[in-house]
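Biologist: I'd like to go through this model with you and ask what stands behind each label. Can you take me through it?

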Amino acid sequence: MNFFKPLETKPEGSVAPLAEGVAEKVKCLIIGSGPAGYTAAIYAARANLKPVLYEGLQPGGQLTTTTEVENFPGYPQGVTGPVMMEDLKKQAGRFGADIRWGLATDVDFSGGVHKVTIDDKHVIEAEAVIIATGATARYLGLESEQKYMGSGVSACATCDGFFYRGKDVAVVGGGDTAAEEALYLAGLCKKVYLIVRKPFLRASKVMQERVMNAPNVEVLFEHNTKELRGDGVVEEAVLVKRKGEADEKEVVIKIDGFFLAIGHTPNSAPFKKFIDTYDDGYIKTIPGTSKTNIAGVFAAGDVQDKVYRQAVTAAGSGCMAAIDAERYLSEKH
Ligand code: NDP
């Protein structure tokens, strides 16, 4: 299976040709096309906000790189990530959302009307903007990691762990996410190796204790992954213990799954000039809402959520953003 398959439908919208220097005016602009962006588009379109949605670099978002999605309500038999995103896209298109290819490269949120530049050239003036640009999982950067993507390599244990029931897997990372994922997988798998590059875990004390006490989790401190090997699917990982030290040695572990948990990077860079973010880049929203520090600019999905990071929570926050935008616009007019 190729999990990088692009979504099948062509974009419903097309950019109207405008004279140079003339901005396109829209009521509601949605940036990003994961579950948050498409759900925002469904709600905004049904509220007659005539949303324009730009899909970004990875149409469909992170879910297009995952395997079966079995935990999104409404799909009793499960669904593949790409199909689910295609369904969401069609649903948004059905209500008239104008879905386009393109990347938000710059913004100017200094005035009452919010300016967003697409692909460095097309300027949109939007009354309301919903940022749903998601987050990108960090990878180690190994060639073999790319080779086995979707065939043993995953960056989401909650999404893909189920497929490794009774098998041996490894998780890379020493933070809270890695600890959580290792414990989640420990409940499903025969054995879980936790590959930690330092001689200690960075995770919170309570998570460290849980990991150290889990009978089927083996923590491999001071190990770095060199390579993944296998015939079409991951079968083993080659690790280096105490890299660069006199006693450095190679260690091979037999595994079926290799889970990355070395952090995510929220895709908030183009907005940071105007939008308040935490130190790690996640957009700050007023608790219980999707409102940012700029009136009329809302954020939904993983770009503002480092805790839950699920398709269903992203979709829920996309709905919140569309409702917040609708209320903002009706109060304005
Ligand atoms: P973190 O940045 O906290 O941890 C990343 C881990 O990955 C670190 O152990 C780091 O190692 C390791 N790492 C980074 N790059 C590499 C690499 N190239 N090779 C090997 N290891 C690498 O990210 P998390 O996603 O774990 O957490 C992000 C934030 O979210 C944290 O503040 C965390 O506390 C929070 N969180 C909270 C949860 C909760 O409250 N339930 C659940 C999950 C996350 P090193 O230590 O050596 O830098």
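This is a predicted model: local features need pLDDT of at least 70, side-chain atom pairs count only at pLDDT 80 or more; totals for chains, interfaces and linings use all residues.

Biologist: What makes β10 and β17 a pair?

Modeller: Two strands pair if DSSP finds at least two bridges between them. β10 and β17 (residues 257-260) have 2 bridges, in the parallel sense, so they meet that rule. Strands here are DSSP runs of E, at least two residues, and helices are runs of H or I, at least four, numbered from the N terminus.

Biologist: Why is one side of β10 and of β13 left without a neighbour in the sheet?

Modeller: The open sheet has 5 strands in the order β10-β17-β11-β12-β13, with parallel pairing. β10 (153-154) and β13 (217-220) are at the edges with a single partner strand each, so one side of each has no neighbour in the sheet.

Biologist: Which helix lies across β11, and at what angle?

Modeller: That's α5 (residues 176-186), which lies across β11 (168-172), β12 (191-195), β13 and β17, at about 170 degrees to β11. Axes are lines fitted to C-alpha atoms, for helices over the stretch in contact (heavy atoms within 4.5 Å). Angles run from 0 to 180 degrees between N-to-C directions.

Biologist: What makes β15 and β16 partners?

Modeller: Strand β15 (residues 236-241) is joined to β16 by 6 bridges, running antiparallel, and Glu236 has Lys254 as its bridge partner in β16. They belong to an open antiparallel sheet of 3 strands, β14-β15-β16, whose twist averages 25 degrees from one strand to the next.

Biologist: How do you know how much area domain 1 and domain 2 bury?

Modeller: Buried area is the accessible area (1.4 Å probe) that two parts lose on being put together, summed over both. Here that comes to about 690 Å², 45% of it on carbon and sulfur atoms. The bounds, 7-136 + 264-332 for domain 1 and 139-260 for domain 2, come from an automatic or database domain assignment.

Key:
Residues are numbered from 1 along each chain as its sequence is written. Side-chain values use heavy atoms; hydrogens and water are left out.
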